[in-house]
Structure formats: C-alpha cells, structure tokens
Amino acid sequence: MRPLLRLILLVCLVLPILFAAAQPARAEMGYFGRPEVSGPATQATAPVVPAAQELTLPQPFRAILGTAIRMQVALNAQLRTRLDAAARADGQVRAALVIIVASFLYGVLHAVGPGHGKVVVASYLATRRARFLVALRMAGIVAATQALSAIVLVGVLAVALGTTGKTILNEAGTLEFASYLCIAGMGLWMAFAALRPGPRVCGCGLPHGHEHHHAHEHTPGAHGHDHSDHEPVPRRGERLGIAVLAGLRPCSGAILVLLFSLANGIFAVGAAATLAMGVGTALTVAAVSVGAVGANRVAAMAGAPLATAWLGRAVALTGALIITAFGAAAATAIATGMIAPLAG
Amino acid sequence: MVERIHFVLFSTLLLSCALLPAAADAHPHVWVDYRVSPRIDGGRLTALDEEWVFDSQFSSMLLNDAAPGWRAGGALTPAIVRHLHDHAFMNLGHYGFFTQVWAGGKQEGFGPSRGFAATMTGDRLVYRFTLPLKPAVDPRKEPVEIGIWDTSYYVDLEPAKPSAKAVALPAESGCKATVGPDRNRPIYFGTVIPTAIRITCP
C-alpha cells in the first residue's frame, strides 16, 4: 500500500504543474470573480446566477455564516485601512502590527465559511478513531499548507516572474481544481485501505478490543484507548497526505492580501499577514476537527454494544467515499463552471 | 439495533452538515461604493448613470496589472483607461454590470453600456458608465426597483454613504427614491441582505 500512497502524492505534486502547462478548457476568471466570456456583450443581460448560489442555507447555519461574514467585512475594512497606512509609510510598524492581529482574527472568521479543508479533515476524523492531538496536528498542517501555498504561488509568479494579478488568481484556480482531483484520489486509496483485510483500519472509534480496554483500567500509562500504537506507520502518511491535499487549495483571501501588498510595495507585510491568517484558520479548523473526533467518540460509545470490526470498517469506508465524492463533486463543479474556482 | 440506527443517523447528519455549505464559497473580495443617477426623460426611466468607487487595494492591484509598477498618485493615461475598459470592464457586460431593474416586480433588460470613463479619487479607482434601459420603463405606472449587487458576493456593492445621496434623481421629475435593505432578495445562500433602491413617481 505504501508505494501506492507515494505514487498518489507524487502525482498530486506533478498534476498542478501539468494543469498549469496544459490550461484545461476552463473559462478564465475575470477580475470580478466571474468567468470571462469572449467578445463584447452585444446586449447587457441580467446577472447570471450560478445554480449553486440559488440555494438557501437552513438555520442556524445561515445565521452563523451571516454573522461571520458581517464580522469579516468589518475586519477586512480595518485590514485594508491599515494596509493603506503601511503603504504610505506613516507609522509603518504600528500599522504592520495591527495588520497581523486583524489578519489573525480574519483567518478565524474566514475559515468559518466553506472551504479551508474542514470537510475533508472532519470526514476523515469522524469516521476513524484518532487522538485529539492528531486532530490539532492535522488542522495545523492544513492551515500551514494553505498559507505557504499562497505565499509561494504569489512569490514565485508575481515577484519572480512578474505575472499579473489576474493570471495568478487563475493559476490558483487551477491549483484548486488539481487539489480536489487529488482529494478524490486520496479518498479512493483510503477506501481500498478500509476494504483490505487485516487490523490496519481501526474504524469509527469502535474499540476492536473491548475486553482489552477494561483490562487496562488500572494502568493509566498503558491505557489503550487509541490503539494507534498497534497501527503500522502508513496511517501517519495517510493523515499527512489528507491534510496537505486539503490545504493545497490556496485561500483567495490570502492571495488577494498578498497581491494588494505587492502592488503597494510591501510584500513582506503581506506575507506576515498571510501567516497570521493561517494561525487563525488553524484555530477554526482545529475546532471543527476536535468536534469531529468528539462526535466519533460519542458515536462509538452509543454504538459500543454493537461494535464489530465489520461496522468499524464500514464506517471508515463511508468516510473515505465521502471524501472521494466531495473531491470529485468539487472538481466537476469547477470544470463545468457550476461554481467559480477560488471564490473562497 | 436502535443504537445502530441512531449512530448511523448521527454520523450522516454530522457529515451532511459539513458538506452542505461546500457547494460554493465566496466572500467579498472587492468593495464598491456606488452612486446612481437614473435618467428620466418624458416621465420614462431611460438609463442609469452609474459611478463605482473601488477600494484602494483592489484599485492598486488593477492598476499594477494595467501598468506594472504603478503607484498611488500616478496618472491614468489613456492607455491605462483603455486597458481597464478591455480587461476589467467589458466582461461585466455579460453579467449585467451587476445591475438589475424591476418594474412592477418584472425584471427589465439593458442595451449595451456607453461612455466608460475611469478616474482616480485619492487612491481609489472610479468607473463611470451609462446603462440604457431597453425598453424604457414608466415609473409612474408602477414602482421601479434598482438592485446593484453581485449575487455571488465576490464583489460587495453598496450605495456610497450617506445612502440617501447615493441616488440622484432629476428634480423636475418629482420622483422620490428610497434606499434600504431588500429582504425579498437575499444573496449568498440567504446570508446577505442586499440594498435596493425603490423609485416612486407621482
């Protein structure tokens, strides 16, 4: 299984480069988050509403997302005012500090919205037995990958190659498309792993040694809740792969802050802000991940009397298939233009 | 068995909740303060003169794409204005310039945009253009509503403050404009209530 995982990760690293080179027949995005249509509009038509946007969220998600958006808009206004101040060189240090704090809070709120790898990581953790520490680590990797992918993308393309902002936003869209394809691939690999005989997959927190658990009751040091010590090493690679792939899709909020700061000659401030935003994003993703692990524990307790290796395997398989479906659906939606890439 | 069903339901619910908002993801990345002057000729609403003032960061990014190395305070040469028109304006025509007009609740159409101009106010880029209504509508017969917003919320368009002054109607028309939240047309998964303009004429 391990060489297969390596192959998938390698393909995922090469794929974005191939995509960037080949430029799939995907409409290029304009400056206003909408695909570019060739030729002038002979008659200005009513705005085309993407199908997905007509959906209305049920409460309480609508209220939560709405509140997060309002707070985010206020923070963003603050962030932009400070970026202006930093660009004008009056009180640069103070402005930079405020930018970093505002970026951190922005990251926390921004990640409440869709995207940012929460679905993938939460699906993974909710259907597998994992320690809370693993949830925190995965959230950290997702956020760090996301911040770094934005800095590297803008750094290499804009600073080194002098690419325009619009092209960079489009390249980021390509990277997003590739990252969703890879997430689907990773999900398939996990599904095969779940079907494979042997003790590799612990499943949905259903302790495969229920008796064994009680036997350790009086020896806290050797307490075997997690059983991760029984697991072969590839699990770690699987988690790392999932977290990196979920974070590979750069956050357009970060890319725009980087492009704006670059246009004002303060790229370093933008990079610092992006990292601060990443720390904020990590907090939100961590909260969701820890919630997923907690939900798994609650479900395991409720289901414990029925716990069988078969059920654990089935739940793990479900998680893998959800991740596959999510990656495939997102990639298809972008490819068919149903949703705008990099709208996040 | 009951526990098992309970458990499966719980997991499904949790995961579908996580998946639900994943369909699309857009936050405002561009901010626009707009002003609009409806043209009323012979009692009929014939066109909208719009003015969009972009936030300073988006302005600087656009201008750096149009003229690499552009810095705030620089001039807008005719070449830059042409570049903005071709690369950062025309495509909006395919999306109705994010402008919608309803007469008696029915959505109206526009002809091609006219008179594009780009200027600077401080470090903010300003677009001006005219959208002719096709056909013209009669605001005396039924109230006319104007909505300037991006349903995907990538661009946050709001009337320039104070919002009552964001709409300039010809005094001789006797028409009145009210600017306020349009609760019947929420956008972005129902989370954002946009601002609409309602015009009533005697």
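This report describes the fold of chain B in a predicted model and then turns to the confidence in chain A.

## Basis of the model

Residues are numbered from 1 along each chain as its sequence is written, while chains are lettered from A and ligands numbered from 1 in the order in which they are written. Because the model is predicted, local features need a pLDDT of at least 70 and side-chain atom pairs count only at pLDDT 80 or more, whereas totals for chains, interfaces and linings use all residues.

## Overall build of chain B

Chain B holds three helices and 11 strands, where helices (H or I, at least four residues) and strands (E, at least two) are DSSP runs numbered from the N terminus. Along the sequence these elements follow the pattern α-β-β-α-α-β-β-β-β-β-β-β-β-β.

Of the 202 residues in chain B, 46% are buried; a residue is buried if 20 or more other C-beta atoms lie within 10 Å of its own, exposed if 12 or fewer, and partly exposed in between, with C-beta atoms placed from the backbone. Two residues are in contact if their C-beta atoms, placed from the backbone, lie within 7 Å, and among the contacts in chain B between residues at least 6 apart in sequence, 64% join residues at least 24 apart.

## Strand E7 and its partners

Two strands are said to pair if DSSP finds at least two bridges between them. Strand E7 of chain B (residues 124-137) pairs with strand E2 of chain B (residues 44-54) in the antiparallel sense over eight bridges, and within this pairing B:Ala47 has B:Pro132 as its bridge partner. Strand E5 of chain B (residues 109-110) also pairs with E7(B) in the antiparallel sense, over two bridges, with B:Gly109 standing opposite B:Lys134.

Strand E6 of chain B (residues 114-121) runs antiparallel to E7(B) and is joined to that strand by six bridges, one of which links B:Thr121 with B:Arg124. E6(B) and E7(B) form a hairpin with two residues between them, and in the turn B:Gly122 has a positive phi of about 65 degrees. E7(B) also contains B:Pro135, and the peptide bond from B:Lys134 to B:Pro135 is cis, with omega near 0 degrees.

## The five-stranded sheet

Five strands of chain B form an open sheet in the order E4-E3-E8-E11-E10, with antiparallel pairing. Strands E4 (106-107) and E10 (176-181) stand at its edges, and because each has a single partner strand, one side of each is left without a neighbour in the sheet. E3(B) and E4(B) pair in the antiparallel sense over two bridges, and B:Ala103 has B:Lys106 in E4(B) as its bridge partner.

B:Val101 lies in strand E3 of chain B (residues 99-103), and this residue counts as buried because 24 other C-beta atoms lie within 10 Å. Not counting residues up to four places away in sequence, B:Val101 touches B:Glu108, B:Leu133, B:Val144 and B:Ile146. B:Val101 and B:Arg124, by contrast, are 23 residues apart in sequence and 27 Å apart in space, C-alpha to C-alpha.

## Two crossing helices

The axes of helix H2 (residues 56-66) and helix H3 (residues 78-88) of chain B come within 9 Å and cross at roughly 105 degrees; axes are lines fitted to C-alpha atoms, for helices over the stretch in contact, and angles run from 0 to 180 degrees between N-to-C directions. H2(B) and H3(B) are therefore roughly perpendicular to each other, since angles of 65 to 115 degrees are given that name, while those under 35 count as roughly parallel, those over 145 as roughly antiparallel and the rest as oblique.

On the H2(B) side, B:Leu62, B:Leu63 and B:Ala66 meet B:Ile80, B:His83, B:Leu84 and B:Ala88 in H3(B). The residues of this contact divide into six nonpolar, one polar and no charged, where Ala, Val, Leu, Ile, Met, Phe, Trp, Tyr, Cys and Pro count as nonpolar, Asp, Glu, Lys and Arg as charged, and the others, Gly among them, as polar.

## Confidence in chain A

The mean pLDDT of chain A is 73, and 70% of its residues reach 70 or more; pLDDT is the predictor's confidence in each residue, from 0 to 100. Within chain A, confidence is lowest in helix H7 (residues 210-215), at a mean of 40, and highest in helix H5 (residues 132-160), at 88. Over residues 200-234 of chain A the pLDDT is below 50, although this stretch has 57 contacts in the model beyond near neighbours in sequence. Where pLDDT is low, the predicted coordinates should not be read in detail.
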